[in-house]
Amino acid sequence: MANMTLDGLEKAIHQSVPRRSRVNFVRYADDFIITGKSKALLEQNILPAVKQFLAERGLQLSEEKTKITYIKHGFTFLGQTFRKHGNTLHITPAKQGVLALIRNVGNTIRKYTSAPMMILIKKLNEILRGWANYHRHVVSSQTFKRVDSYVYEQLWRMLRRRHSNKSKKWLFKKYWKTIDMVRVFAIKVKLKDKLKFFQLCKLVTIKIRRHRKIKADANPYLPEYGRYFWERRHNKEAKLWPELTARKILACQKMR
């Protein structure tokens, strides 16, 4: 319903400012961002236009969620923080979202402390994979590393309580395995006379995939770009750059 109610908002915004003003509108469901050349333009032209547009439809802006800020100070949208450093725009997982993830992981580990280890691994994988797949297209390698460290610390603390009479060496041998030169939390369980391997998702091993921007001169109405837009619609790989792991990205940053 919100999608239909907000139809026409972009047009109203552009009509509220002088022609050729540098104003952009990005919307997802009932959340949206409006960027403008100056704070005065946003406050004096765009904000009143948005309020009027919503008022005509029986709606009003949320004072709590509405914010006018400079791009260098950053803002959060759909769980990610947008901030410009010099001429480069950095998009990172929002701090609030990372803290919520950490709380969720900690609560899950405590809740399933006495449960079979494969159930705990399954529950944690559901949480970690879903969150990481959402943020894998932005600058998230440092955050992935931080979350991995937290998960390791919480699991280690839980295991020390669970096996209070066992040595550190025994715990490492039983619960940590080396796979593709990466140390991961994993166990082997016998189910129906078959050995099954359960491995905890480690975020630094998840591939970071950057989105490819649409070519500046590409026009969907010109026949010479027909194939280009067909590829972007039907081939997911055409929208993404080659795969990089968070570890490789960290290595590249150090080399610079």
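Analyst: The discussion below takes up aromatic rings and then nonpolar cores. This is a predicted model, in which local features need pLDDT of at least 70, side-chain atom pairs count only at pLDDT 80 or more, and totals for chains, interfaces and linings use all residues. Residues are numbered from 1 along each chain as its sequence is written, and side-chain values use heavy atoms, with hydrogens and water left out.

User: How many aromatic pairs does the structure hold?

Analyst: Rings of Phe, Tyr and Trp (its six-membered ring) pair if their centres lie within 6.5 Å; planes under 30 degrees apart are stacked, over 60 edge-to-face, and the rest tilted. The structure holds 9 such pairs. In one of them, the ring centres of Trp156 and Trp176 are 5.9 Å apart with planes at 55°, so the pair is tilted.

User: Are Trp156 and Trp176 buried or exposed?

Analyst: Buried means under 20% relative accessible area, exposed over 50%, and partly exposed in between (1.4 Å probe, protein chains only). Trp156 is buried at 16%, and Trp176 is buried at 6%.

User: Which residues have the most contacts inside the largest nonpolar core?

Analyst: In soluble globular proteins, nonpolar side chains tend to be buried together. A nonpolar core is a set of buried Ala, Val, Leu, Ile, Met, Phe, Trp, Tyr and Cys residues joined through side-chain atoms within 4.5 Å. Here the largest has 35 residues, and Val105, Met117, Leu128, Leu155, Phe185 and Leu203 have the most contacts inside it. Apart from it lies another core, of 14 residues, including Val23 and Leu41.
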